[in-house]
Amino acid sequence: MTTLLSNSILDSADTDGGVTPALVFESFDLPASNQRLLGAPHPTGTASPLALRPSTQDASDLKLDKVVETLESLQAKGGILTKQLATHGCLLFRGLPIHNAEDFSKFAHAFGYKPHEIIGIVVDRPLLAPNVAPANESPKEVLIYNHNESPQVPHAPEYICFYAHQVPSQGGGETPISSSLELFHRAQEEIPEFIAELGEKGILSKVTYKVHKQYEGGSTLRQAFGKEIRDGDDEATRRAKIEAQIARYGRGQHTTWEWTDDGIVLTHRLPAIRTQPVTNLPTLFTGLAAYHKNSLQSTGRKNVTQQLYGDGTPIPTKYLAHLAKITDEIRVLHKWQRGDVLVFDNIIAQHGREPWRGEQSDRVVYASLFDGKTVPGAYGSADWAQVVQALD
């Protein structure tokens, strides 16, 4: 792979009176464990992730401002990077001068997307820089299996950036990468009856939020929906403010809730099958395989989210296990180098987190989430099958 991405902007004249070309990103190959050619329905020869690095000979002279300028210029030319994401699902940027959360924030914002506001967050993500937070603070022993970001709630980001600030020296901690388009294609061929059920019924996602966090790395009810709550608010005021945040999902009758003694349970009817903008290809936008994997772990997470068919009946375990089987066959495990950035098109690509050896602090990965211009399309004509951006 030798595709070059250039913004074709020229810098000011150098000392010899000539000109210096702007930064060029060149693609390069990764080991087979880190990169694979995607199967149908992707075009033949499509690799994921598409690995990019600056072609400059002396990386020590590379400035972050030049990287940001280049990204902005590429996006201004018809959204070149967005189109690459829509094809490959994931881009890897390596060899860039990104050293901390602030640098990463500047890089991520250069794509020009709108920062995503997480409503109903289920993990603790303290802000470290503009629109930058820890990717996940769950204990290092916990497997976070492949999933699209925020499939259990109605408002999900379209793009996700991850930056490796610290990588484990003793191994592990890889980020899995897999295609949601390929997952749908394989599942439709191998378990068509399951896909038919998902298309007809969707899923019911029951998410429990409690006043206190339910597991290490999890969020509290106030973190999830309490942005307007103030100290001194009485119980009725707190509940009204939380319900106002829930209403921003814009799902009407397809999101309901029930207050409990120590929190609230939300029930969303959601499409697990959505369609990619422009191509209209169906994608399994889901965490069902991860939900299955969580049920096999003793992490305290299994009671937080419950996934059912949209009519309230259980999803047979054999189908969830089969999704995990397919995912195991189509995913790669990205072995991080410090400073790496992975950018995901969350509509068509899934990610996760492998356990690692050593200390919890040995792996530090930051995340930045963004909304796109469009949300995934509906698969079918049912009103619950179309998701929307959150209301302001």
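This is a predicted model: local features need pLDDT of at least 70, side-chain atom pairs count only at pLDDT 80 or more; totals for chains, interfaces and linings use all residues.
Trainee: Why is the contact between Arg 248 and Glu 117 called a salt bridge?

Mentor: The closest N and O atoms of Arg 248 and Glu 117 are 2.7 Å apart. The cut-off is 4 Å between a side-chain nitrogen of Lys or Arg and a carboxyl oxygen of Asp or Glu, so the pair qualifies. The structure holds 20 salt bridges.

Trainee: What parts of the chain does the pair link?

Mentor: Distant ones, 131 residues apart. Arg 248 lies in the loop between helix H7 and strand E15, while Glu 117 lies in the loop between strands E9 and E10.

Trainee: Why is Arg 248 called buried?

Mentor: Its relative accessible area is 13%, and buried means under 20%, so the label applies. Glu 117 has 27% relative accessibility and counts as partly exposed, because that label covers values between the 20% and 50% limits.

Trainee: What makes Asp 328 and Arg 331 a salt bridge?

Mentor: Their closest N and O atoms are 3.9 Å apart. The limit is within 4 Å, so this pair also counts. Asp 328 is partly exposed at 40% relative accessible area, whereas Arg 331 is buried at 18%.

Trainee: How do you know that Arg 186 and Glu 190 are about one helical turn apart?

Mentor: Both are in helix H4, four residues apart. An α-helix has 3.6 residues a turn, so residues three or four places apart point the same way. Arg 186 and Glu 190 form a salt bridge, with the closest N and O atoms 2.4 Å apart. Arg 186 is buried at 18% relative accessible area, and Glu 190 is partly exposed at 32%.

Trainee: Which residues are linked with Arg 186 and Glu 190 in a network of salt bridges?

Mentor: Lys 325 and Glu 329 are linked with them.

Trainee: What does H4 pack on?

Mentor: The sheet of three strands in the order E18-E17-E24, which is open and antiparallel. Strand E17 (residues 273–275) pairs with E18 over three bridges. Strands pair if there are at least two bridges between them, so E17 and E18 meet the condition. In this pairing, Arg 274 stands opposite Thr 283 in E18. Helix H4 (residues 180–190) touches E17 and E18, and its direction makes about 95° with that of E18.

Trainee: Why are E18 and E24 called edge strands?

Mentor: Strand E18 (282–284) and strand E24 (377–378) each pair on one side only.

Trainee: How do you know that the buried residues of H7 line one face of the helix?

Mentor: The buried residues are Ile 242, Gln 245 and Ile 246. Seen down the axis of H7, they fall within an arc of 105°, so they line one face. What covers them includes helix H6 (221–225), E15 and strand E16 (263–270).

Trainee: What span is expected of H7, and how far does H7 reach?

Mentor: H7 has 13 residues and reaches 18 Å from its first C-alpha to its last, close to the 18 Å expected at 1.5 Å a residue.

Trainee: What makes the buried residues of H5 a single face?

Mentor: Helix H5 (residues 192–201) has Phe 194, Ile 195, Leu 198 and Lys 201 as its buried residues. Down the axis of H5 these fall within an arc of 150°, so they line one face. Just after H5, Gly 202 takes a positive phi of about 70°.

Note on methods: Residues are numbered from 1 along each chain as its sequence is written. Side-chain values use heavy atoms; hydrogens and water are left out. Contact means heavy atoms within 4.5 Å. Axes are lines fitted to C-alpha atoms, for helices over the stretch in contact, and angles run from 0 to 180 degrees between N-to-C directions. Buried means under 20% relative accessible area, exposed over 50%, partly exposed in between (1.4 Å probe, protein chains only). The arc is that of the directions from the helix axis to the C-beta atoms. The expected span of a helix is 1.5 Å times one less than its number of residues.
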